Amino acid sequence: MKKKHGQHELSDRVMIFDDGYRGDCPHEDTDMIGYWMWMEYRFPDVLWFHTPNETKKPTPQYMESRRRKGVLPGVSDIVILTPGIIFPKGTIEAKRHDTSKSKWQPGQIPFLNRSAESGSFAAVAGGLVQLKKATLFYFGLPFDVD
């Protein structure tokens, strides 16, 4: 499945974790809370963080201020700094379980592509279960999602 946003296309090196579900589903914020709880339980020693890059109707001045402070647009929702089984670090862009209800924000596809091209694990995951599967894959573990 290729994703396109403007003139940008997702690289073949970016993995996609999407079970094709269509229907009602939680918002991304709810999935991120569940993911944080799961990571605290399953991988308490892993160094990772969530990058909240979304803003509600930002003004041009606000966006310019963020840019001058080094805020990089499009940074993936999840950045894992603890090395995985193959990759030195990982980036995962979270989308809703029904990925057709999610929008690509400016910079997200180029960031994922750059992450993959630099040798990092780069993935898009639709919903909490797929976020867990992407993380388990990164660490070379079976998909025994709990």
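Author: Buried means under 20% relative accessible area, exposed over 50%, and partly exposed in between, with a 1.4 Å probe and protein chains only. This is a predicted model, in which local features need pLDDT of at least 70, side-chain atom pairs count only at pLDDT 80 or more, and totals for chains, interfaces and linings use all residues. Residues are numbered from 1 along each chain as its sequence is written, and side-chain values use heavy atoms, without hydrogens and water.

Reader: Which term applies to Trp 38 and Phe 43, buried or exposed?

Author: Both Trp 38 and Phe 43 are buried.

Reader: What makes Trp 38 and Phe 43 an aromatic pair, and why is it called edge-to-face?

Author: Rings of Phe, Tyr and Trp (its six-membered ring) pair if their centres lie within 6.5 Å; planes under 30 degrees apart count as stacked, over 60 as edge-to-face and the rest as tilted. The centres of Trp 38 and Phe 43 are 5.6 Å apart and the planes are at 75°, so the pair is edge-to-face.

Reader: What makes Tyr 138 and Phe 139 edge-to-face?

Author: Their centres are 4.8 Å apart with 75° between the planes, so the pair is edge-to-face as well. Both Tyr 138 and Phe 139 are buried. One aromatic cluster includes Trp 38, Phe 43, Tyr 138 and Phe 139.

Reader: Why is Ile 33 called exposed?

Author: Ile 33 has a relative accessible area of 53%, which is over 50%, so the term is exposed.

Reader: Where is Ile 33 found?

Author: Ile 33 is in helix 1, residues 28–42 (helices are DSSP runs of H or I, at least four residues, numbered from the N terminus).

Notes: Helices (H or I, at least four residues) and strands (E, at least two) are DSSP runs, numbered from the N terminus.
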